[in-house]
Structures are given as structure tokens and as C-alpha cells.
Amino acid sequence: MTTIRWLGHAAMALETGGFHILIDPFFTGNPKAAITADQAKADFILISHGHGDHVGDSIAIAKRTGATVICNYEISLWLEQQGIKKAHGQQHGGGFNHPFGRVKLTLAFHGSMLPDGSNGGNPCGFLINLKDGKKIYHAADTGLFGDMRLIGEEGIDLAVLPIGDNYTMGPDDAVRAVKLIQPKKVIPIHYNTWPVIAQDANAWAAKVKAETSAEPIVLQPGEQVAI
Ligand code: NI
Ligand code: MN
């Protein structure tokens, strides 16, 4: 069985085939964090881009757990400079078969500067093809783009989409994204962390239900769902 747990903001924890996979583990300084960095379990950590609310506690967690960090090439080099031993760099369109499944980096329209001002390469989303056959698209921070349709052609079981607006897609564009991707299920993230990205997720879910065939799943930080 595979479960996905929302840990607040863009942080997710996947459990699949005995592996713990953390995505964008931002806990320290995250007012909606469901756990602390010390509590996080990780065999793998995925980082979508260089911003502090996504790199988050990755370095401390990777050093404590020995997790392999999967991210773009530029961030992988930066992590090695910070003392991370296992950083696996990929780039857009490139997939790699990791022990838990295949990860392909997708486009994301956003920025990626690292917290210390270093070049964080280009931001990405993740297409995760788990060994149990389930496909997850985690869009991370991005605006709407038409090629989400191409990602949808792969047959997405679960899409994880930002709805916060201001820094990413807002609720209306996120509904348009659901129409392009046509996932079976969709989880909204990257909202209500701060007032600038306050959104009504239940209202968004009602619109998704009315206008698409996807099943919206609104989680509270800390809640999980089986996929
Ligand atoms: Ni960002
Ligand atoms: Mn962000």
C-alpha cells in the first residue's frame, strides 16, 4: 500500500514499498508544519527548487538519516558543498529508476534561487511512477502551463497542485490544471501557510467536483490518505 501525508505547505511524505520519501521538507519556520525536522523519516528526499520553503530542513534531515536527495543538477552540487554525500541530480524531462520507482523531472514556471543566493538551476515538478504502478504528479511551485496536458497523457492517479495564488497558480488556474492533467485524485497544497496565500480549499474542491471528473482530497496538515 502507498500512503501520502501532507505535512504542511508543500511538504509531503510518501510511504511505499517500505520506503519513506519526503518532498520539500520545510518544517523549521513553517507555521503549518505537522512535524519537526527531528521527527522526519526519510530514505529519499525530493527538492523541487531552491527556495527556502522547499529546501527547508533537507540538509539536516539528509545528514541525520543518510537519505539520498533527488533534485536538479545545480542544487545537487550545492548540497554536496554543504556536506551531503548522496545527492542525485537530474534535469527536466530526464527520468531515473530509483529503488522506490521512476522519478522524472517536469517543467515548472517559477524561480529557484537558493537561500544563500547561489544559483539553484531551474525549478521542477515530479512525475513519480511508483513500483506498485501508481503515478503521482507533484507540480510543486508553478504557474499554469499548457504542457500539463502532456503530463496528463501518462495517466495520473494523483496530482498534487498548488492553489495559494501570488507565488503559484491560484484556485481558478488550478482547476484549469486539473482539466489538462485529468488525474483520478487531486490534493491541493501551498495555501494557508501565510495570509498572502490564504485560500478556501473546500470551495476549490467543490469546483473541482462540479467541473472535472477528478476526486479532490482536502487534507489538514498531518493527515494522510491511501492511494
Ligand atoms: Ni518557490
Ligand atoms: Mn513555495
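Helix α2 (residues 58–65) has Ser58, Ile61 and Ala62 as its buried residues, where buried means under 20% relative accessible area, exposed over 50% and partly exposed in between, with a 1.4 Å probe and protein chains only. These residues lie on the same side of α2 because they cover an arc of only 100° around the axis; the arc is that of the directions from the helix axis to the C-beta atoms. This is a predicted model, in which local features need pLDDT of at least 70 and side-chain atom pairs count only at pLDDT 80 or more, while totals for chains, interfaces and linings use all residues. Residues are numbered from 1 along each chain as its sequence is written, chains are lettered from A and ligands numbered from 1 in the order in which they are written, and side-chain values use heavy atoms, with hydrogens and water left out.

**Surroundings of helix α2**

- The buried residues of α2 pack against β3, β4 (44–46), α1 (52–55) and β5 (68–72).
- Helices (H or I, at least four residues) and strands (E, at least two) are DSSP runs, numbered from the N terminus.

**The metal site**

- Donors are N, O and S atoms within 2.8 Å of the metal (3.2 Å for Na, K and Ca); water is not among the atoms, so sites may look incomplete.
- Asp141 forms a bridge between the manganese ion (ligand 2) and the nickel ion (ligand 1), which lie 3.1 Å apart.
- Asp53 is buried, with a relative accessible area of 15%, and His54 is also buried, at 0% relative accessibility.

- The largest pocket has a volume of about 220 Å³.
- Among the 15 residues that line the largest pocket, Arg5, Ala13, Glu15, His20 and Lys41 are the closest to its centre.
- Strands β1 (3–8), β2 (11–16) and β3 (19–23) are the elements that give two or more residues to this lining, and β1 supplies the largest share, 4 residues.
- On a 1 Å grid over the protein atoms alone, a pocket is an open set of points where a 1.4 Å probe fits, with protein on both sides within 12 Å along at least five of seven lines; lining residues have an atom within 4 Å of a point.
- Grid points are joined across faces, edges and corners, and a volume is the space filled by probe spheres set on the points.
- The second largest pocket holds about 170 Å³ of space.
- The residues that line the second largest pocket include His92, Lys104, Phe145 and Glu154.
- The largest share of the lining of the second largest pocket, 4 residues, is from β8.

- Thr3 lies in strand β1 and is buried, at 9% relative accessibility.
- Leaving aside neighbours within four places in sequence, Thr3 is in contact (heavy atoms within 4.5 Å) with Ala13, Leu14, Glu15, Gln224, Val225 and Ala226.
- Ile217 lies in the loop between β13 (215–216) and β14 (224–226) and is buried, at 10% relative accessibility.
- Leaving aside neighbours within four places in sequence, Ile217 is in contact with Lys185, Val186, Ile187, Pro188 and Val225.
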